[in-house]
Amino acid sequence: MSTASVRVEEWVPVLPYNPSGLFPSGRPPRPTYREPNPVGGAGVAAGAVGTLAWLVIFGLLGGSLVGYVWWTLLAGALAWLAALTLVRYGDRGVAAGIAIVTAGGWSIATAAVLTRWTTSGDWPLW
């Protein structure tokens, strides 16, 4: 008799599993895929503070506006290379902090150049 019940169960059509989510179905939930290295606030803050110090140190090497701008561009380019490496092989939160502060540093340098250019009428970088 047990074989007859098995045969009946074998012929029962299996409906596709598509729950609406309103009522629990009793089946195990679908797998959830999570990022292995999630971006956290501590990593972003660490990248931001480190990059701020990096840009300030390089910016202080320039004795004038021209020196400040070129050192800031060089430091920012090196920071972006580090950020790209971290995106691929390391912590993406730190890379995000580096990118945000580098963009801010470049914006400050651009504002300084534009201010000098509009007040003097001469392009300051050449």
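Colleague: Which helix gives the most to the nonpolar patch?

Modeller: This is a predicted model, in which local features need pLDDT of at least 70 and side-chain atom pairs count only at pLDDT 80 or more, whereas totals for chains, interfaces and linings use all residues. Residues are numbered from 1 along each chain as its sequence is written, and side-chain values use heavy atoms, leaving out hydrogens and water. Helices are DSSP runs (H or I, at least four residues) numbered from the N terminus. At least two patch residues come from each of α2 (41-61) and α3 (65-89), but the most, six residues, come from α3.

Colleague: What is the relative accessible area of L74?

Modeller: L74 lies in helix α3. Given that buried means under 20%, exposed over 50% and partly exposed in between, L74 is partly exposed, with a value of 40%.

Colleague: Within what arc do the buried residues of α2 fall?

Modeller: The buried residues of α2 are G43, G47, T51, L55, F58 and G59. They line one face of the helix because, seen down its axis and taking directions from that axis to the C-beta atoms, they fall within an arc of 120°.

Conventions: Buried means under 20% relative accessible area, exposed over 50%, partly exposed in between (1.4 Å probe, protein chains only).
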